[in-house]
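This report covers strand pairing and nonpolar cores in one model. The sequence and structure come next, and the text follows.

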Amino acid sequence: MTPYRVFLVDDHPVLLRGLADLVAMEPDFQVVGSTTEGSNAFAMIDRLKPDLAVLDINMPDVSGMAVLRRIWSADLPVRTIFLTAMITPSQAAEALAHGIWGILLKEAAPDTLIDCLRSVAAGRRWFAEEVAAKLAPLPSQQVPPGLSGLTPREREIAGLACSGLSNRLIARQLGAGEGTVKIHLHNIFQKLRINNRTALAALYYQREDESAANGDSWKG
């Protein structure tokens, strides 16, 4: 089997080297590139076209979140994972809204990074338990209070958008035109008085905004 191509981004050179060595030991993965600078990450990912990209969310120049936004906007065929020491609920919700496939805390990396990579490579999203517990979507029979004014079709599109699907992929899944999806999202944003998917994800997913405002986060 052809190995999955992996790209790594972390601003700590020693950690980056350790991650590269860890991944390279596995026959089903191939490290095709790495960088300690977020400013280089998007261009290198675009050029090297890895299957998987592991990003540190908190970097001093260009954050992993900014790189994720560019990957999502460009609709690059790469599955992205955050490997981070700390992530807030609002950051996790934004990451979900922009197509993140996995969120892994650094303290667990040696034991679980390979499991996470294999799961994501197989098409399954993977989140650290601490993160998943706070970001579990509401049961399907419940409607988040902030979304109760939406039509059933709008709620369906909101859920797909919050799972990280692009407009093109939402349209494909629903058998609709991409323009139709854009119109629905515009109407959703207007009804909810918001202007982006990050705010939509904050409404859709169960999370504790009060604790987030007090500095709550998941730390490794």
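## Strand pairing

Strand 3 (residues 52-55) and strand 4 run parallel and are joined by 4 bridges. Strands here are DSSP E runs of at least two residues, helices are H or I runs of at least four, and both are numbered from the N terminus; two strands pair if DSSP finds at least two bridges between them. Between strand 3 and strand 4 the chain passes through helix 3 (residues 64-74), and this β-α-β crossover is right-handed (with the strands pointing away from the viewer, the path from the first strand over the helix to the second runs clockwise). Val54 stands opposite Ile81 of strand 4.

Strand 4 also pairs with strand 6 (residues 102-105), again parallel and over 4 bridges. In this pairing Phe82 is opposite Ile103.

## Burial of strand 4

Strand 4 (residues 79-84) is largely enclosed by the rest of the structure, because 5 of its 6 residues are buried (under 20% relative accessible area, 1.4 Å probe, protein chains only).

## Nonpolar cores

A nonpolar core is a set of buried Ala, Val, Leu, Ile, Met, Phe, Trp, Tyr and Cys residues joined through side-chain atoms within 4.5 Å. The largest has 27 residues, and Phe82 and Ile103 are among those with the most contacts inside it. Helix 2 contributes the most, 5 residues. Apart from this core lies another of 22 residues, including Cys162 and Phe189.

## Basis

The model is predicted; local features need pLDDT of at least 70 and side-chain atom pairs 80 or more, while totals for chains, interfaces and linings use all residues. Residues are numbered from 1 along each chain as its sequence is written, and side-chain values use heavy atoms, without hydrogens and water.

Notes. Buried < 20%, exposed > 50% of the residue type's maximum accessible area, 1.4 Å probe, protein only.
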